[in-house]
Structures are given as C-alpha cells and as structure tokens.
Amino acid sequence: MFVAWNLSVPLIGNAKDPPSHDIIAGLSFIEIGRQKDSNHTYVNRVLMSVDGRKRTESLTNKSGLVSLYDNWGIQRLYLNPLNKTATVFEAVEPDNSGTNLDEWIAGIAKIKSSANHELGTKKLGNESKSGFSWTTRDNNQEVWFDDETGSIRDVVVDSTEQEIRLMNIQFHDRLDAALFSFLPPEGFTIAERHLTSAAASKN
C-alpha cells in the first residue's frame, strides 16, 4: 500500500479489485500550476505507474477530486469523494502504444543533454541538486537532478500561458495497483458516462 504521503487528503483505493492488493512501481510528485491570464493556481498530488497510467488528486481545496488517465493521456475516471460520485470515460485505445514511465522520464532527461544553460548547484538540507535549462521562443524548461543519484528531482515549465512546477519527485517500488484502476471504488455511484473524443473518432 502506498504510504509515503502524510497529507490531509487520503489516497482512495479500489475495494472492487482482488484482495491480493497487486503492487506496481511508479513515482509521485507535487504539481503546482498557475494560469497567467487569470493568475489561478492549482496544486495536485500526482502518481504515475510504471506502465504510464496517471492519477491526480487535487490539493487546491478540501474536495480531494481525483482524475485517472491512461498511458495515452486520455481521462478515464473522475471521482468526487465528497458526494461519492464517479464519472466514467469510455475510450477506444489509439493504435500507438502510448507512453510508459521510462519514456516520460527519458523525455524530461533530454533537457540536460540539449540544455542552453547550466543553472549551477543548490542545496536543500543534505541534498545537492544541479539544474539545466532549455529555452525556446515559447517557453523555458528547467530540470534539477540529484547530484548523488542522478535522479530527476524538480521540473519547471514556464510558457507564455502558464507555469508548471513538478516538485518532490520520488520513485517507489511498491504502489497499490488499485490506485490506478479505472473502475469506481466501492461505495461510489456512477453519475455520468461519457465517450471520449478519441473513442468517438474511432466509431
């Protein structure tokens, strides 16, 4: 079971999954985004499984809204813990294989090899991190790596429309696979069903 967090919003498991509680590897991070036109800021806790599925949990307010995405980035489930309702998005998988976690990490790590600038080193407690940035006409991307392990620790994407920060990136060997299930947890009522645009284009 995933127990690395000590925050007020609980992780929601899926009691409909087999009682064996399958384990899957992945990573977690805090995502902070700001829309520059409205200055609206949101905070999410994000988990990604090794096969590319993603779970976001809103920390912006006390609602704890949860969204599940497949490895094509298509939303498959939306959960409202306050009223125990679920919205299910039915999708037909695209022809390509999608993006797994290793490919996602490799895409971010490329910024180091193509960096325009080295940002030097900064220390937080006992941790030392080195940063690299890649600047284009439309955006600036920064990636900070742990000097000891080489692991990605923080990412910043600053574009004309928004700024996104991925902080406290942690890798995990043991996540509860039920956290990434596209089935509503026990006790939730399906309020809506939708066919995603990707699925609709197939029919």
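Modeller: Before we start, two strands are said to pair if DSSP finds at least two bridges between them. Helices (H or I, at least four residues) and strands (E, at least two) are DSSP runs, numbered from the N terminus.

Colleague: Thanks! What sort of model is this?

Modeller: This is a predicted model, where local features need pLDDT of at least 70, side-chain atom pairs count only at pLDDT 80 or more, and totals for chains, interfaces and linings use all residues. Residues are numbered from 1 along each chain as its sequence is written, and side-chain values use heavy atoms, with hydrogens and water left out.

Colleague: Okay, what is the strand order in the open sheet?

Modeller: The open sheet has 12 strands in the order S7-S8-S9-S10-S11-S1-S2-S3-S4-S5-S6-S12, and its pairing is mixed. Strand S7 (117-124) and strand S12 (189-195) are at the edges with a single partner strand each, so one side of each has no neighbour in the sheet.

Colleague: Let's zoom in on S10. Is strand S10 mostly covered or uncovered?

Modeller: Mostly covered: six of the eight residues in S10 (residues 152-159) are buried. Buried means under 20% relative accessible area, exposed over 50%, and partly exposed in between, with a 1.4 Å probe and protein chains only.

Colleague: And how does S10 pair with S9?

Modeller: S10 and strand S9 (residues 139-146) pair in the antiparallel sense over seven bridges. Glutamate 142 has valine 156 in S10 as its bridge partner. The hairpin of S9 and S10 has five residues between the strands, and glycine 150 there takes a positive phi near 80°.

Colleague: What about S10 and S11?

Modeller: That pairing, with strand S11 (residues 162-176), is antiparallel too, over four bridges. A hairpin of two residues joins S10 to S11. Valine 155 stands opposite leucine 166 in S11, and valine 157 has isoleucine 164 in S11 as its bridge partner.

Colleague: New topic: which phi does lysine 84 have?

Modeller: Lysine 84 has a positive phi of about 55°, though it is not a glycine. Most residues other than glycine have a negative phi. Lysine 84 sits in the loop between strand S5 (75-80) and strand S6 (85-90), and counts as partly exposed at 42% relative accessibility.

Colleague: And where is asparagine 168?

Modeller: Asparagine 168 is in strand S11. Asparagine 168 also has a positive phi of about 55° without being a glycine, and is partly exposed, with a relative accessible area of 31%.
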